[in-house]
Amino acid sequence: MSTQLDLVPVKPTTAIVGESGGKRRKSGSSSWYRLLVNDRVAAAAAVVLGLVFLTAIFGPMLMGGLATDIDLDNSNQAPFTLANGWANILGTDPLGRSMLARLVVACRTTLSVAIPAVVISAIVGSIVGMWAGFYRGWRETVAMRIADVIMSFPSLLLAVVVLYVFSPSAANIVLVLAITRIPVYLRTARAESAELSSRVFVDAARTFGASGRSIITRHVVPIVLPTLLTVATLDFCYVMLAESSLSFLGIGIQPPDVSWGLMVAQGRTYLHTAWWLSFFPGLAIVITTVSATILAAWARIATDPGQRWRLTVPQKRLSRFAKTGKRLS
């Protein structure tokens with residue numbers, strides 16, 4: 001009997017297990033892509049944001065000097081007429097410059113302010129928040145009081161005051177907006193890490209002698225990161241709107257640079273005669289912020305294991321489940 005058992009082949013079983021494990025790894029790596037493709041609205045938002053980022057990166061190089069070429073003979077030309085060339089498909093401004101080219105150049109300027117402000121505030125606020133929430137005590141008290149002081153001032157009003165005192169440059173706008181948004185990430189990271197610090201796996205890591213920095217890096221950050229990325233996506237919309245508001249008030253991006261908010265401000269005096277001067281940059285702001293908001297909502301559900309099943313259920317069955325409350329089969 002023992003001899004027969006020793007002759008039982010095990011190589012095919014190992015191969016099968018290895019093959020299935022490889023399939024699971026491959027399936028896991030593409031699960032996010034499939035979830036995004038299955039949600040048409042979120043996929044469309046991702047495509048729009050991708051086009052916006054590609055336009056900001058490569059658009060100014062392709063447009064060349066069309067955004068600065070002055071042609072007074074074609075000033076305030078109406079949009080959607082090909083008589084003046086493809087570059088003027090969205091009309092021209094009072095100096096005869098192409099609105100399409102200026103929108104492309106302004107896209108880079110707007111994103112070059114919004115993205116660094118979000119990245120700086122997210123990194124600083126997240127690090128301080130996780131450090132304060134994990135160690136608690138006086139660290140948490142000091143961090144939360146600093147956040148309360150910053151949040152006691154309206155962020156847009158604080159930006160107006162600072163930019164009015166100092167020169168309204170792009171670097172100052174990024175710095176001011178980053179400082180005013182730090183409490184958002186600090187509070188979120190603090191709450192998440194404080195809750196995780198009492199979990200069983202954190203106590204086990206402490207028992208085995210892991211340092212606080214190692215626990216935060218290996219255990220806290222991977223769990224808190226999806227929430228922080230969702231907050232950052234939503235905060236990107238706020239920062240972009242704040243930059244547009246500051247430029248509209250005249251203390252944001254200054255000529256000869258151009259941003260979407262500055263284009264809206266420059267076109268407000270021509271609303272009755274040349275509506276496209278403010279309409280198209282305003283439409284670009286709305287489309288970008290709505291797309292980012294939709295993608296943030298999708299990411300929040302996709303990163304939550306308890307809600308991810310909603311992205312795998314057809315919308316008709318999901319709406320029927322919401323109405324009847326019956327379990328899906």
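Author: Helices here are DSSP runs of H or I with at least four residues, numbered from the N terminus. In this predicted model, the protein chain reads α-α-α-α-α-α-α-α-α-α-α-α along the sequence.

Reader: How many helices and strands is that?

Author: Twelve helices and zero strands.

Reader: Why is Ser259 called buried?

Author: Buried means under 20% relative accessible area. Ser259 has 0% relative accessibility, so Ser259 counts as buried. Ser259 sits in the loop between H9 and H10.

Reader: And what makes the pairing of Ser259 with Glu243 a polar contact?

Author: The cut-off is a pair of N or O atoms within 3.5 Å, one able to donate a hydrogen and the other to accept it. The side chains of Ser259 and Glu243 come in at 3.0 Å, and they make a polar contact. Skipping residues up to four places away in sequence, Ser259 also touches Ala106, Thr109, Thr110, Ser247 and Ile253.

Reader: Arg97 is in a loop too, between H3 and H4. Why is Arg97 buried rather than partly exposed?

Author: Same cut-off: under 20% is buried. Arg97 has a relative accessible area of 19%, so Arg97 is buried. Among the contacts of Arg97, leaving aside neighbours within four places in sequence, are Ala67, Thr68, Asp69, Ile70 and Arg102. Across the chain, buried residues make up 37% of the 329 residues.

Reader: What makes a group of residues a nonpolar core?

Author: Its members have to be buried residues such as Ala, Val, Leu or Trp, joined through side-chain atoms within 4.5 Å. The largest such core here has 52 residues, and Leu177 and Trp260 touch the most other members. Helices H3, H4, H6, H7, H8, H9, H10 and H11 each give two or more residues to this core, with the largest share, 13 residues, coming from H9.

Reader: Which residues does Leu177 contact, leaving aside neighbours within four places in sequence?

Author: Val113, Ala117, Val239, Ala242, Glu243 and Leu246. Glu243 is also the side-chain partner of Ser259 in that polar contact.

Reader: How do you know which parts of the model the predictor is confident in?

Author: Look at pLDDT, which runs from 0 to 100. The chain averages 80, and 83% of the residues score at least 70. Confidence is highest in H4, with a mean of 91, and lowest in helix H1 (residues 2-6), with a mean of 43. Over residues 1-29, pLDDT stays under 50, and the model has one contact beyond four places in sequence for that stretch.

Note on methods: Residues numbered from 1 in each chain as written. Heavy atoms only, no water. Buried < 20%, exposed > 50% of the residue type's maximum accessible area, 1.4 Å probe, protein only. Contact = heavy atoms within 4.5 Å.
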